[in-house]
2 protein chains.
Amino acid sequence: MQIQTRMADPLPAAGAYQRRPGFTPAGPGKRQDPLDILEQFGTKLTIRRGQELYAAGEVAVYCYRILRGAVRTVGLNEDGRRQIAEFLLAGDLLGFDSLGTHHLSAEALTEVLILRYPRRLVDSLAEQHGSLALRLRDLSLQKLRRAHETMFLLGRKSAGERIATFLLDLAERSPGRTSGSVELPMTRGDIADHLGLTIETVSRTIAQLGRDGTIAVIKCGIEIRDREALTAHGGGTLH
Amino acid sequence: MQIQTRMADPLPAAGAYQRRPGFTPAGPGKRQDPLDILEQFGTKLTIRRGQELYAAGEVAVYCYRILRGAVRTVGLNEDGRRQIAEFLLAGDLLGFDSLGTHHLSAEALTEVLILRYPRRLVDSLAEQHGSLALRLRDLSLQKLRRAHETMFLLGRKSAGERIATFLLDLAERSPGRTSGSVELPMTRGDIADHLGLTIETVSRTIAQLGRDGTIAVIKCGIEIRDREALTAHGGGTLH
DNA sequence: CGTTCCTTTGAATCTTCTCAATAATGGTGG
DNA sequence: CCACCATTATTGAGAAGATTCAAAGGAACG
């Protein structure tokens, strides 16, 4: 396969690329993000709600970028206990964090529109484009940083703090973030398995925030009414 | 600076490099691990117990390999709550997982002998040696995988399971692992802040395992008496 | 040899879980 | 369009696990 090479690929400063809410792929003329190099090689796919993108233990043949919808990455142990590592939204990348086999599975929370890239192609492109390689490394490290933040949440925060942190984080990452309304495409059970709580505690804690007037529980999501109060509830972040 | 280049750098299969207990740097003749490329460029340093290798928020100028001793990576929030992300032992690498600034701090648990590498040098070496770049990526992904395992532990395991898992993991990673004796260079408080428990719960749980005959509490560590039982207590791993 | 830090152990408290019942929601087919 | 079913969410009461508070013993250090 012939792959377009490009000299003088600009090396961006670390951390220069934040998530892009309301992700829209750039045209071929302007390239703000090395990830756009991948764009033309992706296959557009639609995954039905509940379907697996990949399973834990599978060889990592593809990686993905979410264009629309939401995905969960799931770890299961023998006796059925579940930990959801991440919820991924439009614009997020997926499956880049496995060298050999996937160690978590990825499941569609809603109908999902994705771009699929063969891993081998991504690797060879990264070898040619230093900026892409760096960008992918940056992404891995961002995931690690997020994982550390989650570890702090799971190890040291109360149920109320976990819910508040979760809602604020999701609000910040949500693609169409305009007002304070946050869509929750996942079930209470999913939230519980992400935050290390039970369904009942999640439900009760959200209900309590609603009674306080901090949030309002709406259809398929919540609305942040008092961001200050919610932040105060959050228990802070690492450093 | 002149840097030795080497063609025909063999590309190892993913996951081919496990941790090397009782780490001994290879001579210049045989090279089993791409990380040995770094070896000659490292500065040997001794860090006193309790000293910081680096602080959260600092620009990541150096990265390290531990030759002797143990290190903790620490996250702190505003109100003093602490989460220890990892305990690192001889042979482990440190500080490679920060692109711009360190987001955790690293502190010596014991007197520590380390090799220190300037990050810029590591990056330029990685650019020349594909195998080193791949190895470093593999290491980042291993850290992420371990973080996911810890997230499962923090979110879904009981105190007893956390302690059992922790002891087994440490036993497996300990450099001089011969018999069942595991050195614990960290305090109960450190263990608590790693496992999301309190000092008292850690102490009680370890004492209970001692009364069961599963382990024996010895000076500066424990001894595994019944590995089967300890594994059964562990609550399993992801997948 | 005293001080400080770390560890252990006990008792009471509290947060979260478990069990249980009910209500709401969403999708399906008649 | 509505009735039915399965899934999801809410809420209450009691139980359990872990925390907090408190005190005392042990180890490490200068």
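**Domains, helix packing and DNA contacts in the predicted model**

The domain assignment divides chain A into domain 1 (34–145) and domain 2 (157–233); such bounds come from an automatic or database domain assignment. The model is predicted, with local features requiring pLDDT of at least 70 and side-chain atom pairs counted only at pLDDT 80 or more, while totals for chains, interfaces and linings use all residues. Residues are numbered from 1 along each chain as its sequence is written, chains are lettered from A and ligands numbered from 1 in the order in which they are written, and side-chain values use heavy atoms, with hydrogens and water left out. The C-alpha centres of the two domains of chain A are 25 Å apart. Contact between them (heavy atoms within 4.5 Å) involves 13 residues of domain 1 and 12 residues of domain 2.

Helix packing was examined next. Two packed helices are described by the angle between their axes and the distance between the axes. Helices (H or I, at least four residues) and strands (E, at least two) are DSSP runs, numbered from the N terminus. Axes are lines fitted to C-alpha atoms, for helices over the stretch in contact, and angles run from 0 to 180 degrees between N-to-C directions. Angles under 35 degrees count as roughly parallel, over 145 as roughly antiparallel, 65 to 115 as roughly perpendicular and the rest as oblique.

In chain A, helix α3 (residues 130–156) packs against helix α4 (residues 159–173) at an angle of about 155°, and their axes are 9 Å apart. The helices α3(A) and α4(A) are therefore roughly antiparallel. On the α3(A) side, the contact is formed by Arg146(A), Leu153(A), Leu154(A) and Arg156(A), which meet Glu161(A), Arg162(A), Thr165(A), Asp169(A) and Arg173(A) of α4(A). This contact of α3(A) with α4(A) contains 2 nonpolar, 1 polar and 6 charged residues. In this classification, Ala, Val, Leu, Ile, Met, Phe, Trp, Tyr, Cys and Pro count as nonpolar, Asp, Glu, Lys and Arg as charged, and the others, Gly among them, as polar.

Helix α4(A) also packs against α5(A), at an angle of about 110° and with the axes 11 Å apart. That angle makes α4(A) roughly perpendicular to α5(A). Arg162(A), Ile163(A) and Phe166(A) of α4(A) make the contact with Ile191(A), His194(A) and Leu195(A) of α5(A). By class, the contact of α4(A) with α5(A) has 4 nonpolar, 1 polar and 1 charged residues. In chain B, the axes of α4 (residues 159–173) and α5(B) come within 11 Å and cross at roughly 110°. The helices α4(B) and α5(B) are therefore roughly perpendicular to each other. Here Arg162(B), Ile163(B) and Phe166(B) in α4(B) meet Ile191(B), His194(B) and Leu195(B) in α5(B). The contact of α4(B) with α5(B) divides into 4 nonpolar, 1 polar and 1 charged residues.

A residue is near a strand if one of its heavy atoms lies within 4 Å of it. Around DNA strand C there are 17 residues, of which Ala159(A), Thr201(A), Arg188(B), Ser203(B) and Arg204(B) come nearest. Of the atoms of DNA strand C that come within 4 Å of the protein, 62% belong to sugar and phosphate. A polar contact is a pair of N or O atoms within 3.5 Å; within protein, one must be able to donate a hydrogen and the other to accept it, and residues adjacent in sequence count only if both atoms are side-chain atoms. Arg204(B), by way of a polar side-chain atom, lies 2.9 Å from a base nitrogen of DNA strand C. Two or more residues of the surface near DNA strand C come from each of α6 of chain A, α5 (188–195) of chain B and α6 of chain B. The most are given by α6(B), with 5 residues. This surface near DNA strand C has 4 nonpolar, 7 polar and 6 charged residues.

DNA strand D also has 17 residues around it, and Arg188(A), Ser203(A), Arg204(A), Ala159(B) and Thr201(B) come nearest. Sugar and phosphate make up 60% of the atoms of DNA strand D that come within 4 Å of the protein. Phosphate oxygens of DNA strand D lie 2.6 Å from a backbone N or O atom of Ala159(B) and 2.4 Å from a side-chain N or O atom of Thr201(B).
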